Amino acid sequence: MTASDPDQSSLMSSGADRGIKLCLDCHKVCQAEDDRCPRCGSKVRLRKKDSLSRSWALTLTAGLLYIPANMLPIMTVSRFGRSKPDTIMSGVIELVHHGMAPIALLVFTASILVPLMKLLGMVWLLVCVHTRRMNPGRQTVLYRLIVWIGRWSMLDIFIISLLVALVQFGHLGTVTAGPAAFAFAAVVVLTMWAAMSFDPRLLWDRSRQFSLKGDQQ
């Protein structure tokens, strides 16, 4: 980068360099000397406080809970006094055996594949901040996708809650939530918190730092 290239220099600058910061509540652009947003009164910082450490802690905890969420029974269906606990995967297999492959695919995608992809996506974003594997444009798109999917992640827990509340016919048939339901709900909530704690602007900051180091070398 040279002094005769003002456009490239402008693209590499950040809000911190220009003396501005963003209120994350009302999205007003504030001056660097403002401790609180003049519009809504929220505390404003250049970057989210302890973003990486909180995101790492929440993501790793969700990853650990992902194991019991898939290994333990998520619900138990009792029919005429006979109980059959089912894990998420055993439920998918049973749906396939009953000729309901599309529903089985939907359950597999929503309950197993999507949470796993969200966890791997968060780990990838966090690793990228610490390494030179920087493509902040694509990584920001990935972050937005993780946040968008997060709002639909509680669908399985909602369905189980409905079944537990509605299917209560005594000896004829009942549905009870298993321990995996609580672990799965914790995975969903922790992953959402991890995404909310992560500051995607760190990707651009680190990419800029690596670019400046490369130019100096």
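Colleague: Where is Trp-56 found?

Modeller: Trp-56 sits in helix α2; helices are DSSP runs of H or I with at least four residues, strands are runs of E with at least two, and both are numbered from the N terminus. This is a predicted model, in which local features need pLDDT of at least 70 and side-chain atom pairs count only at pLDDT 80 or more, while totals for chains, interfaces and linings use all residues. Residues are numbered from 1 along each chain as its sequence is written, and side-chain values use heavy atoms, with hydrogens and water left out.

Colleague: Why is Trp-56 called partly exposed?

Modeller: Buried means under 20% relative accessible area, exposed over 50%, and partly exposed in between, with a 1.4 Å probe and protein chains only. Trp-56 has a value of 25%, so it is partly exposed.

Colleague: And which residues is Trp-56 in contact with, leaving aside neighbours within four places in sequence?

Modeller: Contact means heavy atoms within 4.5 Å, and Trp-56 has such contacts with Val-123, Leu-126, Val-127 and His-130. Val-123 is 67 residues away in sequence, yet the two C-alpha atoms are 7.7 Å apart.

Colleague: What makes Asp-50 partly exposed?

Modeller: Its relative accessible area is 46%, so it falls in that middle class too. Asp-50 lies in the loop between β2 (29–31) and α2.

Colleague: Now the helix pair: why is α5 called oblique to α7?

Modeller: The axes of α5 (residues 136–150) and α7 (residues 179–197) come within 10 Å and cross at roughly 140 degrees. Angles under 35 degrees count as roughly parallel, over 145 as roughly antiparallel, 65 to 115 as roughly perpendicular and the rest as oblique, so α5 is oblique to α7.

Colleague: Which residues meet there?

Modeller: Tyr-143, Ile-146, Val-147 and Gly-150 in α5 meet Met-192, Ala-195 and Met-196 in α7. By class, six of the residues in this contact are nonpolar, one is polar and none is charged. Gly counts as polar.

Colleague: What makes a set of residues a nonpolar core?

Modeller: Such a core is a set of buried Ala, Val, Leu, Ile, Met, Phe, Trp, Tyr and Cys residues joined through side-chain atoms within 4.5 Å. The largest one has 30 residues, and Phe-184 and Phe-198 are among those that touch the most other members. Helix α7 gives the most to this core, with 10 residues.

Key
Axes are lines fitted to C-alpha atoms, for helices over the stretch in contact, and angles run from 0 to 180 degrees between N-to-C directions.
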